[in-house]
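Colleague: I'm new to this one, could you walk me through it?
Modeller: Happy to, let's have a look together.
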Amino acid sequence: MNKYLKITLYIFGILLVMQFITIDKTVPQLEGRLDFMEIENPPKEIALLIKNACYDCHSYETQYPSYSNYAPISWIIGNDIQEGREHLNFSTWGEYQKEVKKDLLFNSYKQIGARQMPMYSYVMQHKEAKIQNAELKKFYTWFKQQSNKYQ
Ligand code: HEC
């Protein structure tokens, strides 16, 4: 067999086998009253920004894009989501101690202000998650004010 054909088949075979290792998209049964929106009650436009820019990685309400079904992209996405939820999960907000809530709100203020969050790789694929300059300050200031409410 031609050497290049062999290599191509080999790569194809590996890719095919990789598809069997899927990511876990199951979520636990949610209690609505633990959700960030219920507890912090942000103004409508802020709530929308948070839902659009953060909830895919930092909550159990992840909306998976179709390309998340294909390895190895699925593994990268799955990893971001798992790590994102470990650091901050808006769906289980009510379970955090108030000191933790204060810190997470303040860290969100810093992350958004420095344009570290939402992650660049995510914004490239999700235009609705891009925070426009005009709304950026209002958005991160809200997190800071909210953080200050926790003593
Ligand atoms: C594509 C997935 C993704 C999106 C979208 C995303 N994050 Fe993150 N976030 C992560 C990951 C992964 C980490 C942990 C690793 C790191 O810090 O880079 C993280 C870490 C954080 C942290 C640090 C948590 C700590 O321990 O203090 C904060 C705060 C945060 N994100 C806030 C946000 C906010 C607010 C948004 C929306 C404006 C957002 N993130 C959008 C994936 C994401």
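Colleague: Is Cys54 buried or exposed?
Modeller: Cys54 is buried, with a relative accessible area of 13%; buried means under 20%, exposed over 50% and partly exposed in between, using a 1.4 Å probe and protein chains only. Cys57 is buried as well, at 16%. This is a predicted model, where local features need pLDDT of at least 70 and side-chain atom pairs count only at pLDDT 80 or more, while totals for chains, interfaces and linings use all residues. Residues are numbered from 1 along each chain as its sequence is written, and side-chain values use heavy atoms, leaving out hydrogens and water.
Colleague: How many disulfides does the structure hold?
Modeller: The count is 0, a disulfide being a pair of cysteine sulfur atoms within 2.5 Å.
Colleague: Switching to Asp35, which side chain of opposite charge is nearest?
Modeller: That is Lys51, 5.0 Å away. Asp35 is buried yet has no salt bridge, meaning a side-chain nitrogen of Lys or Arg within 4 Å of a carboxyl oxygen of Asp or Glu.
Colleague: And how many aromatic pairs are there?
Modeller: The structure holds 10; rings of Phe, Tyr and Trp (its six-membered ring) pair if their centres lie within 6.5 Å, and planes under 30 degrees apart count as stacked, over 60 as edge-to-face and the rest as tilted. The ring centres of Phe36 and Trp142 are 6.0 Å apart with planes at 75°, so this pair is edge-to-face.
Colleague: Are those two buried or exposed?
Modeller: Phe36 and Trp142 are both buried.

Terms used:
Lys, Arg positive; Asp, Glu negative; His and termini not counted.
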